[in-house]
Amino acid sequence: MIYEGKQKIWKDYQKEIPDDHWYFVRSCIRQNFFPASERMFTEITRNVLGKDVYETPYHTTCGGIAYHCDTLPQETAMTIVARQFALMTEAGYENYAASCITSFGNYAEVLETWHEFPELEARIREQLWKATRREFKKPKYLAHTSDLIYHWRNQIAEKAKFRLVDKDTGEPLRIAEHIGCHYAKMFPSKGVGGAEYPYVLTGMVESWGGQIIDYPERRHCCGYGFRQYHVKANRGYCVSNTHKKFESMEPYGIQAIVTNCPGCPYFMDRWQYFIAEQTGKTYGKDGFGIPVLTYEELAGLVLGYDPWDLGLQLHQVAVEPLLDRIGIPYDPKAKYLGVNKEDLLRPSLPQTLKCF
Amino acid sequence: MMDFGFKLSKSATIDLDRAGTERYEKLCALSPDARTCMACGSCSATCTAASFSGMSVRKVILGLQRGQDVRPLLSACMLCGKCTLVCPRGINTRRLILNLSKSYD
Ligand code: SF4
Ligand code: SF4
């Protein structure tokens, strides 16, 4: 990869990201997979950066996963999306930030389809009115929440307590980024940096002190692929994609992976256990895996939040070697203590993949 | 090993950096014209055995370049030599098949 070429691509794909007043919608699944990530987004944006980020309890699924699994027709998904836009309109916002990449792609696809087929938009408006007596304005700006953290990355860097640097060698950490397919592969202009070399996570890692490592299968899907995973008989294909990525990154000495999608960190984290059980192979050092973090978890770590408050104990791959490398303090005994020091009980440990 | 109810599916990717091409090189030493194949498929189109067995000299050469085992294809060849007659590159495909078969002995 020629660096100047990459710079040009990044320049061509910049999108306008307003600095404040965002209507925030959560993902259906992220809170189960990585429970503190969205909590950390609101914590950082509201309490650390002082931004106006509004959310409503009336928000529901966007229908994206059902739509991509072919269990829901697109018109139904569009009407659900129309209702979300109506909630935003009622709340008096016009900047819409989705925490889920599937949702973000779904919203981008719906808006683009309405742009191309205005008669369809009119029909959806009519359906929404008949079903809920609601009306809506389309968002003026649509962003994924990683766009916002990217936008505020330097402010976060100014307040950071830790940098993504090896405390012993002083070298920047070797980090791989993985972008959810629906972030920019469908509409490259909707993502920061385009589809081939998205800059959104690279920008964060660089301003927090780390270095991004290129590897051949960098843009390959994590393997989730909706129907590949949801049909159990197809799961072997799902994991074979993840396996391909890890095989490809193996020679590059990656120390951590950062992602911006609900599914990708889940599969890249959990499948390392599956791959280790099936093949006996692990990809980190000394029998450990490579920790896979969400960008909010990474932001939380550099800002000095307690790793266990960031939910890192719920990762399959042990994060302790990474914390030690950066020099982030943690209490090993508190790993499986939840809110109010309630004992979460220790999970049984895998046979091959080393964990604590 | 734990039973998950599914297994890691084998990838169809051919990694040319890892593919063993020793047999292809061995063949090229005996039949250097193998290197001139342009994968036009004339041999496969004319092969009598092709429609019954999938035999194709083109596939055999490509398979060797990818480090694959091509023996199942070879076993269907009748050594009739029709493919040699049509090859626009003038490759002696019949001799190529013989040389290759011998290399597996
Ligand atoms: S006819 Fe000759 S050149 Fe064409 S594919 Fe067959 S062997 Fe190769
Ligand atoms: S020699 Fe073999 S490959 Fe060639 S046409 Fe005859 S049967 Fe087919």
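Reader: How much area do domain 1 of chain A and domain 2 of chain A bury between them?
Author: This is a predicted model, in which local features need pLDDT of at least 70 and side-chain atom pairs count only at pLDDT 80 or more, while totals for chains, interfaces and linings use all residues. Residues are numbered from 1 along each chain as its sequence is written, chains are lettered from A and ligands numbered from 1 in the order in which they are written, and side-chain values use heavy atoms, with hydrogens and water left out. The domain bounds, which come from an automatic or database domain assignment, are 14–145 for domain 1 of chain A and 161–334 for domain 2. Taking buried area as the accessible area (1.4 Å probe) that two parts lose on being put together, summed over both, these domains bury, with 70% of it on carbon and sulfur atoms, about 2,800 Å².

Reader: Which three residues supply more of the area that domain 1 of chain A buries against domain 2 of chain A than any other three?
Author: The C-alpha centres of the two domains of chain A lie 26 Å apart, and 31 residues of domain 1 are in contact with 31 residues of domain 2, where contact means heavy atoms within 4.5 Å. Of the area that domain 1 of chain A buries against domain 2, 23% comes from A:Phe33, A:Phe34 and A:Ile101.

Reader: Where does the second largest pocket lie?
Author: On a 1 Å grid over the protein atoms alone, a pocket is an open set of points with protein on both sides within 12 Å along at least five of seven lines, a cavity is a set where a 1.4 Å probe fits but cannot get out, and lining residues have an atom within 4 Å of a point. The second largest pocket is lined by 19 residues, and A:Trp308, A:Asp309, A:Gln313, A:Gly338 and A:Val339 lie nearest its centre. Both domains of chain A give residues to this lining, so the second largest pocket lies between domain 1 (14–145) and domain 2 (161–334).

Reader: What volume does the largest pocket have?
Author: The largest pocket is lined by 20 residues, and those nearest its centre are A:Glu247, B:Ser11, B:Thr13, B:Asp15 and B:Arg18. A volume is the space filled by probe spheres set on grid points, which are joined across faces, edges and corners, and for the largest pocket that volume is about 650 Å³.

Reader: Which three residues supply more of the area that chain B buries against chain A than any other three?
Author: Between chain B and chain A, about 1,300 Å² is buried, 65% of it on carbon and sulfur atoms, and 11 residues of chain B are in contact with 15 residues of chain A. Of the area that chain B buries against chain A, 51% is supplied by B:Phe4, B:Phe6 and B:Leu8.

Reader: Which ligand sits in the largest cavity?
Author: The structure holds 3 cavities of 30 Å³ or more, and about 110 Å³ of space lies in the largest cavity. Its lining has 14 residues, with B:Cys37, B:Cys40, B:Cys43, B:Cys87 and B:Ile91 nearest the centre. A molecule sits in a cavity if more than half of its atoms lie within 2 Å of its grid points, and the molecule that sits in the largest cavity is ligand 1.

Reader: Which cavity does ligand 2 sit in?
Author: Ligand 2 is surrounded by residues that include B:Cys47, B:Cys77, B:Cys80 and B:Cys83, a residue being near a molecule if one of its heavy atoms lies within 4 Å of it. The cavity in which ligand 2 sits is the second largest cavity.
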